[in-house]
Structure formats: C-alpha cells, structure tokens
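The sequence and the structure come before the discussion.

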Amino acid sequence: MEENKESEELSEVEDEHHDKPGEKPRSKTKNTFLKKKEVKKSFTCSQCGKSFRRKYNLEIHKRIHTGEKPFTCTQCGKRFSAKPNLDIHMRIHTGERPFTCDQCGTSFIQRPALKEHMKIHTGEKPFKCDQCGKRFTRSRNLKEHLNIHTGEKPFTCTQCGKSFTRKSILKNHMRIHIGLKPFRCEQCGKSFSTKPNFDVHLKVHTGEKPFMCDHCEKRFSNKQCLQVHLRVHTGEKPFTCDHCGKSFSQKPSLMIHLRVHTGEKPHVCHQCGKARYLKQHQIIHTGEKPYKCSHCDMRFNQSSNLKTHERIHSREKPYNVVSMCKLAFINGQILLVNKF
C-alpha cells in the first residue's frame, strides 16, 4: 500500500514536470531530482525479490536470510535482528505497556496487539474455519487452529522432541527446559512459566471462583477445573488405558495408572526408598506441618487431616451409619468401626 502510494506521488511529480507543447524544456536539475526519487525505491532483496524504499531497510531484511541477530537483551539473552524489536521486547522486563484500550483499560506492549484486542469489543471475527465453523480475529489463529483437524503438529521442541499444534504452546513449553518463570506473585513469591497459570493462581489469594457447576453449584477458579468436575456428573471418562481398558476422567490419572504396567517409579524418597506421593511423604521426615487450623493453634502435615479436625469446631458430622440411625461422625473411619 505504501509503495503504491509512493508510485502515485512519483507519477504526479512526473506529470507536473512533463514538457508540454509551447513550454520550455524542464531543467537538468529537475530531471536529476526525478532520477534520484526513482532510485530511492529500488532496493531489492536478491534472495526473495522483496523491494524497499531505503537501503537501511533492505540491510535489516537480509538478516532474515542470514540469521544474523546483533541486538541482545541484557536481561534474558534473547537476540534480535533489529533494534526496534529489542526495544519492544524490553517492555516485557520493564513492565511498560504504552498502548491502552479506551474501552476496558487493558494495556499492551505493542500497538498491533491493541488493534487486535479491539476486535473483542467490536465482535469482529473475519476468519472462519470451514471444518467446524469457529471464527477467529486473526488469520494466524485460524491457520494454527486447522492443525487440530489435520492432526498436524509442526512446532517441535528441540530439547525433548515433543510437538505442538501452536507456536505459542511450544514457546510456553520451552520455559520448562530453561527454567524461565517470568510471572511472579507479589503476595507469596511463587513464580509461573505461563500467564494463564499465574492468573489462576492469583484467585487463590482473592478467593474468586467465577465458574459454577449447574448440577451441584460447586464453584471453581478456572473454566478447565469446572470442565473436569462436570465429568463427575456426566460419568465421562475419555482417557482409556491401552493395556487393560480402564478409563479415567483426567489425563494425569491415566498417566499415573500407566506406571502400574510399566513398573516406573519416578518419585523415590532418598531417605527410605518409598515411591508414592513423594512431596506429601517427605513431610514425615522433615516434621513439617504446613496446614494450620484457623480456629486454634493445631497444625497438621496433611490437608485432609486439617479438614477432619476443623469439623470439631464447625460441629459438622457428614457420616451417617444408616438412614434408620441418628448417629453421625466427623470421620469416615469412626463410621466404619461403628457399622460393625
């Protein structure tokens, strides 16, 4: 568009200085000016044929082909082919977000990101998937979405070989290998590798649980937890073991189950050799009791023990022997003893 505009401007200049009948021929100075103007727009890349108005822009463009990245971030070591790209990247570390939405106040590092964000308010989604009808604000998002239908995973981790449908997922995954956790909670100091995980964590402090189950009214801090919970009501178990056919409602449960068949025991206690629930088990050796009762000073090494203890204060007795009996107990084990 810019090159076309420049061509139009050049044509106007040529028309203005064209020798008309009865007029004096234009001076050599004007001819030289036009030649210089024309030369300015003819810097072409020998690799891909792309043209630029200035030689400087061509030189920067060539770095795409050579892989040269002379500008390095002093904070994280990431390299860039052009200084303006480094300047934009530095805003991640400084927290600067100069482009703000006048509708909702959300700020962005780059102007294009704000422009894309505005489509949320306008509802504009011009790119539609011909497979499922889902619409997107950007063509890039549609292209990556199509990988779900084709099964293609073109973005592969160079560290472990795991592949992904989207570049953004790969980028987040790479932080696992380099140990990068740029999102830090100011309240407790815990750090996270992805912003969605960080946002979910913040709700622990605020107590916010905006997602409610329509069946039992239980509330959750994020949509994913609600979707997993709904399987309790629907009975859906989409994750099936290839060895024995046993099904699970969650993928982590299936992965743990598979160790029964493989014999894998990745989490072993170095003190006693036990290999189950390592983090919880190690508290036995350290004597740590991180779960404190909010009503008294008693502490516990497991959250389940704290929950049972707090029923003393709340007088809650959820376990009944049988419907004919009025006895109730705070602990399920006490119920079993009284049953027999």
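Which side chain meets that of Glu68 in a salt bridge? The partner is Arg63, with a separation of 3.9 Å from N to O, where a salt bridge is a side-chain nitrogen of Lys or Arg within 4 Å of a carboxyl oxygen of Asp or Glu. Glu68 has a relative accessibility of 42% and therefore counts as partly exposed, given that buried means under 20% relative accessible area, exposed over 50% and partly exposed in between, with a 1.4 Å probe and protein chains only.

## Basis of the model and overall make-up

This is a predicted model, in which local features need pLDDT of at least 70 and side-chain atom pairs count only at pLDDT 80 or more, while totals for chains, interfaces and linings use all residues. Residues are numbered from 1 along each chain as its sequence is written, and side-chain values use heavy atoms, with hydrogens and water left out.

The protein chain holds 13 helices and 20 strands, these being DSSP runs numbered from the N terminus (H or I and at least four residues for helices, E and at least two for strands). Of its 340 residues, 20% are buried. The accessible surface of the chain is about 26,200 Å², with 51% of that area belonging to carbon and sulfur atoms; the areas come from the Shrake-Rupley method with a 1.4 Å probe, and for residues only the protein chains shown count as cover. Among contacts with a separation of 6 or more, residues 24 or more positions apart account for 3%, a contact being heavy atoms within 4.5 Å.

## Salt bridges within helices

The salt-bridge rule gives a count of 5 for the model. One of them joins Lys83 to Asp87, with the closest N and O atoms 3.2 Å apart. These two residues are separated by about one helical turn, because they stand 4 residues apart in helix 4 (residues 83-94). Lys83 is partly exposed, with a relative accessible area of 44%, and Asp87 is also in the partly exposed class, at 37% relative accessibility.

Another salt bridge links Glu116 with Lys119, where the closest N and O atoms are 3.2 Å apart. Both residues belong to helix 5 and are 3 residues apart, about one turn of the helix. An α-helix has 3.6 residues a turn, so residues three or four places apart point the same way. Glu116 counts as partly exposed at 23% relative accessibility, whereas Lys119 is buried, with a relative accessible area of 16%.

## Surroundings of Glu124

Glu124 sits in the loop between helix 5 (111-122) and strand 7 (127-128), and its relative accessibility of 41% makes it partly exposed. Leaving aside residues up to four places away in sequence, Glu124 touches Lys119 and Thr137. Glu124 and Phe136 are 12 residues apart in sequence, and their C-alpha atoms are 8.3 Å apart in space.

The rings of Phe183 and Phe198 are stacked, because their centres are 6.2 Å apart and their planes lie at 25°. Phe183 is in strand 11 (residues 183-184) and Phe198 in helix 8 (residues 195-206), so this pair ties together parts that are 15 residues apart in sequence.

Phe198 also pairs with Phe192, and this pair is tilted because the ring centres are 6.2 Å apart with the planes at 45°.

## Helix 11 and the cysteines

The buried residues of helix 11 (residues 278-286) are Leu278, His281 and Ile283. After helix 11 comes Gly287, with a positive phi near 75°.

The count of disulfides is 0, a disulfide being a pair of cysteine sulfur atoms within 2.5 Å. For Cys129 the closest cysteine sulfur is that of Cys132, at 3.7 Å, which is too far for a bond; Cys129 is buried, with a relative accessible area of 1%. For Cys213 the closest cysteine sulfur belongs to Cys216, at 3.7 Å and too far for a bond, and Cys213 is buried with a relative accessible area of 0%.

Conventions. Rings of Phe, Tyr and Trp (its six-membered ring) pair if their centres lie within 6.5 Å; planes under 30 degrees apart count as stacked, over 60 as edge-to-face and the rest as tilted.
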